[in-house]
Amino acid sequence: MTFPATIAAATPLNLSSVNTRVTPTLPCACSCDSSSLFTVKNLINRRSDRRLNRISPVKSAASDSTAIADNPIVASTSEEDEIQAKVGARVRVTVPLKVYHVPKVPEVDLNGMEGKLKEYVAVWKGKHISANFPYKIEFFEKLEGRGDAPVKFFAHLKEDEFEFLD
């Protein structure tokens, strides 16, 4: 005895011409009804929606406006204002720290180097983000292996890895 599922699996399926409901050929033992079945076109659309990770707006019952369900925490403390005021200050690296991202140089030891605080990246567009190294420091130093001209590069550091000079 041949089951209809094995015959259907052996025949090729042309998705462009299919526009009918997919119905099971064998009786279903579950408690679902026929209204829960999807068309092949709907299944393909659902898969592409998942791939694009679309965010659907949530409709509010109180008004006709749409709102995103996840409201971010807005940063407005005096500590962030104090840090933002220090942007542009001179800093010195106080811990032994090596970086490997400077072009044409295998490694650079930042211990004792002086730089300039360019940006505090733990607050972005007024929202707290989880930056592991929130201070972006700009260095402008002569490096061995790069000639006589100073090289400008950036490094992200934690607060306990440098001290303010100003």
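This is a predicted model: local features need pLDDT of at least 70, side-chain atom pairs count only at pLDDT 80 or more; totals for chains, interfaces and linings use all residues.

Colleague: Where is E138 found?

Modeller: In strand 9, residues 135-141. Strands here are DSSP runs of E, at least two residues, numbered from the N terminus.

Colleague: And which strands does strand 9 pair with?

Modeller: Strand 6, residues 114-120, pairs with strand 9 in the antiparallel sense over 5 bridges. Strand 10, residues 151-157, also runs antiparallel to strand 9, joined by 7 bridges. Pairing takes at least two DSSP bridges between the strands.

Colleague: Back to E138. Buried or exposed?

Modeller: Buried, because its relative accessible area is 13%. The cut-offs are under 20% for buried, over 50% for exposed and partly exposed in between, with a 1.4 Å probe and protein chains only.

Colleague: What is E138 in contact with?

Modeller: Leaving aside neighbours within four places in sequence, E138 contacts G115, K116, K118, K152, F153 and F154. Contact means heavy atoms within 4.5 Å. K116 is also the bridge partner of E138.

Colleague: New topic. How many aromatic pairs are there?

Modeller: The structure holds 4. One of them is F139 with F153: ring centres 5.4 Å apart and planes at 25°, so stacked. That pair links distant parts of the chain, with F139 in strand 9 and F153 in strand 10, 14 residues apart. F162 and F164 form an edge-to-face pair, 5.5 Å centre to centre with 75° between the planes. Rings of Phe, Tyr and Trp (its six-membered ring) pair if their centres lie within 6.5 Å; planes under 30 degrees apart are stacked, over 60 edge-to-face, the rest tilted.

Colleague: How buried are F139 and F153?

Modeller: F139 has a relative accessible area of 0%, and F153 has 4%. Both count as buried.

Colleague: And F162 and F164?

Modeller: F162 is buried at 7% relative accessibility. F164 is partly exposed at 32%.

Conventions
Residues are numbered from 1 along each chain as its sequence is written. Side-chain values use heavy atoms; hydrogens and water are left out. Helices (H or I, at least four residues) and strands (E, at least two) are DSSP runs, numbered from the N terminus.
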